[in-house]
Amino acid sequence: MNVPKPIRGTALRFVLAASAACAAWSGAAATGLDQPQPNASKAEGVTTLAHDAVHGRFNVDDRIVDILAHPAFAGFARLMMPRVDLDIAPDARIASIASTQPYHQNVDPHVVVAALNRMVDDVATGRVVFFNIYNEAEKRRTPSKIQTGLFFFRGKPGAPFAIIAPGGGFSYVGSVHEGFPYAVEINKRGYNAFVLRYRVGYGEAVATADLAAAISYVFRNAGALEVGTQNYSLWGSSAGARMAAAIGTHGVAHFGVDAVPKPSTVVMAYTGHSEYSAEDPPTFSVVGELDRIASPATMERRADALRNAGVIVEHHQYPALGHGFGLGTGTGAEGWIDEALRFWERAQTNRTSRTP
């Protein structure tokens, strides 16, 4: 595959010093709200700030490296990028950020900017937006866990939460396209939303273990985070949908963490995942009819199999769309997030009505 400019993908070669970035990651606060969780302890090694105040907002003409330089994201900005080792051209603009995500289409830079600005605004009002899911001892034992964490978009205190796992073929994490923008939309209904940064380059099992660890982390810290643990949902796109579906089938403890309940709902966007069980949660799925990565036929067969097993399912296939369409802004899929939210809300109601 040809990697387009402005990302010239030389592994482990940053625009800015990698050693300084790594120092920032390892200097970040330990996991757990019983310990301090500042946004960062150090900047990312960027010497010239494009924005001189934490509240400085972005527009599509800003450079991608300006995201790394923004003081609101100090200490974790590299984890917002599709890969931490991307070589980003100094003059590459946010308007061209689609080139950082080769498996995705319909990447709208205005949607990206709106989500980034929401995070900037949260930090400017004193909110912590990034949390480590592994403690320092775990990261020392497994250094790759440094490249994980949760981005938190706060909804109403005590409201249920969603965890979103973006896609990227387990080779990158498309948070700016189908992570942060999803969280913004979910927040509009008052729900709390987390976007998972999981490890890439290690395959599905490791990434899914990170999702399980994130669920466990939120449950352990639910009081301090002010989130409700009843009726939570998992959202995933492409590779992330495989992870969410696997936990829906096998449960959280299967992946080596605490035995907490399964999600009340799984939302899956464009994945070829086919495994299922009769114990899967209610499942909402979407795909484009022209998807050449996640077979629409495979998704339809899984939806039918779940229905036949007695699982509540809602499945949508949208015309003239390929893989990785995100919010679907300006396409036939636009508004699918709202449909998925309504499905989640019905699942919550049904679950509550069945509780003695």
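1. Helices (H or I, at least four residues) and strands (E, at least two) are DSSP runs, numbered from the N terminus. Asn106 sits in the loop between helix 2 (64–69) and helix 3. Asn106 is not a glycine, yet its phi is positive, about 60 degrees. Its relative accessibility is 30%, so Asn106 counts as partly exposed. Buried means under 20% relative accessible area, exposed over 50%, and partly exposed in between (1.4 Å probe, protein chains only).

2. This is a predicted model: local features need pLDDT of at least 70, side-chain atom pairs count only at pLDDT 80 or more, and totals for chains, interfaces and linings use all residues. Residues are numbered from 1 along each chain as its sequence is written, and side-chain values use heavy atoms, with hydrogens and water left out.

3. Glu226 also deserves a look. Its phi is positive, near 60 degrees, and it is a residue other than glycine. Glu226 belongs to the loop between helix 8 (222–225) and strand 5 (228–237). With a relative accessible area of 48%, Glu226 is partly exposed.

4. Now the interior. A nonpolar core is a set of buried Ala, Val, Leu, Ile, Met, Phe, Trp, Tyr and Cys residues joined through side-chain atoms within 4.5 Å. The largest one has 64 residues; Phe73, Phe151, Trp235 and Trp336 have the most contacts inside it. Helix 3 (residues 109–124) gives the most to this core, with eight residues. Another core, of 38 residues, lies apart from it and includes Phe131, Tyr134, Phe194 and Ala239.

5. What does Phe151 touch, leaving aside its neighbours within four places in sequence? Its contacts (heavy atoms within 4.5 Å) include Phe76, Met119, Phe180 and Arg197.

6. Helix 10 (residues 296–308) has 13 residues. These should span 18 Å at 1.5 Å a residue, and the end C-alpha atoms are 18 Å apart, which agrees. The expected span is 1.5 Å times one less than the number of residues. Among the buried residues of helix 10 are Pro296, Met299, Arg302 and Leu306. Their cover includes helix 9 (239–250) and strand 7 (283–288). At the start of helix 10, a side-chain oxygen of Ser295 comes within 3.2 Å of the backbone nitrogen of Ala297. Gly310 follows helix 10, with a positive phi near 95 degrees.

7. Asp62 lies in the loop between helix 1 (18–26) and helix 2. Asp62 is buried but has no salt bridge (a side-chain nitrogen of Lys or Arg within 4 Å of a carboxyl oxygen of Asp or Glu). A polar atom of the Asp62 side chain lies 3.0 Å from the backbone nitrogen of Asn59.

Methods
Polar contact = N/O pair within 3.5 Å; in protein donor to acceptor, adjacent residues only side chain to side chain. Lys, Arg positive; Asp, Glu negative; His and termini not counted.
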